[in-house]
Amino acid sequence: MKGMSEREYVAHSGLSRGGVQKARKNGRLVVYDDGSINAAASDVRRAEMTDPDQQRRSLGGDAAPGGLGETASYIKARTALTVYAAQERQLAVQKKKGALVDRARAETLVFRLARQERDAWVTWPGRVAALMAAQIMAEVERQSGASVTIETAILQRVLEAHVREQLDALADLRVSLG
């Protein structure tokens with residue numbers, strides 16, 4: 001017999017007998033023609049083909065061939081990757097449900113809405129000045145009996161000044177989407 005028997009390799013590797021048999025079946029052991037196990041080559045092959053997390057568990061604890069720090073950093077990296085993937089899936093689901101919107105698109109739409117609102121207010125005095133002047137003249141005449149003339153252009157300038165003042169105050173408002 002050139003190499004070790006299964007029982008000897010169990011004692012050498014720290015694996016269970018079932019673990020050694022499973023490793024042989026899956027091709028993680030180097031076996032001589034006579035069926036004995038080449039321990040050195042098998043250790044190298046198992047190290048290359050086995051997940052470090054699985055190696056740690058097979059050794060029965062936190063001790064790993066590469067040292068505790070190496071395994072801990074691997075576990076942290078694997079955990080971080082899993083958390084990131086879960087968050088990415090959660091965002092995709094929320095986006096499909098319509099709970100999330102594209103930030104750049106939302107900012108563009110808010111800006112466009114604010115611009116339309118501002119434009120509507122800037123043109124408002126020109127549209128209503130004549131109507132307001134007529135209503136004020138009619139009300140003054142009804143209450144006092146005297147005929148009064150209100151210049152539409154003057155009323156429009158007064159309204160425009162007040163609207164611009166209000167728009168300047170509103171210009172300081174900022175929308176924060178994040």
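Predicted model: local features only at pLDDT ≥ 70, side-chain atom pairs only at ≥ 80, totals over all residues.

Biologist: Which residues of helix α1 are buried?

Modeller: Helix α1 covers residues 6–13. A residue is called buried when its relative accessible area is under 20%. By that criterion, the buried residues of α1 are Glu6, Tyr9 and Ser13.

Biologist: Within what arc do the buried residues of α1 fall, seen down its axis?

Modeller: An α-helix has 3.6 residues a turn, so residues three or four places apart point the same way. In α1 the buried residues are Glu6, Tyr9 and Ser13. They line one face of the helix, because the arc within which they fall is one of 60 degrees.

Biologist: Against which helices do the buried residues of α1 pack?

Modeller: Packing here rests on contact, that is, heavy atoms within 4.5 Å. The partners of the buried residues of α1 are α2 (17–25) and α3 (39–49).

Biologist: Is Ser13 buried or exposed?

Modeller: Ser13 lies in helix α1. Its relative accessible area is 11%, and the cut-off for a buried residue is under 20%. Ser13 is therefore buried.

Biologist: How far does the backbone nitrogen of Leu15 lie from a polar atom of the side chain of Ser13?

Modeller: After α1 comes Gly14, which has a positive phi, near 85 degrees. The distance from the backbone nitrogen of Leu15 to a polar atom of the Ser13 side chain is 3.2 Å.

Biologist: Is Glu70 buried or exposed?

Modeller: Glu70 belongs to helix α5, residues 68–97. Its relative accessible area is 53%, and a residue counts as exposed when this value is over 50%. Glu70 is therefore exposed.

Biologist: How far apart in space are Glu70 and Pro52?

Modeller: In sequence, Glu70 and Pro52 are 18 residues apart. In space, C-alpha to C-alpha, their separation is 9.4 Å.

Biologist: Which helix gives the most to the lining of the largest pocket?

Modeller: The largest pocket has a volume of about 680 Å³. Of its 18 lining residues, the closest to its centre are Ala114, Arg115, Leu170, Ala171 and Leu173. Both α6 (103–144) and α7 (152–171) supply at least two residues of the lining. With 9 residues, the helix that gives the most is α6.

Biologist: How many residues of that lining are charged?

Modeller: The lining of the largest pocket has 11 nonpolar residues and no polar ones. The number of charged residues is 7.

Terms used
Residues numbered from 1 in each chain as written. Heavy atoms only, no water. Buried < 20%, exposed > 50% of the residue type's maximum accessible area, 1.4 Å probe, protein only. Helix = DSSP H or I, 4+ residues; strand = E, 2+ residues; numbered from the N terminus. Arc of directions from axis to C-beta. Polar contact = N/O pair within 3.5 Å; in protein donor to acceptor, adjacent residues only side chain to side chain. 1 Å grid on protein atoms, 1.4 Å probe; cavity = no way out; pocket = protein on both sides within 12 Å on 5 of 7 lines; lining within 4 Å. Points joined across faces, edges and corners; volume = space filled by probe spheres on them. Nonpolar A, V, L, I, M, F, W, Y, C, P; charged D, E, K, R; others polar.
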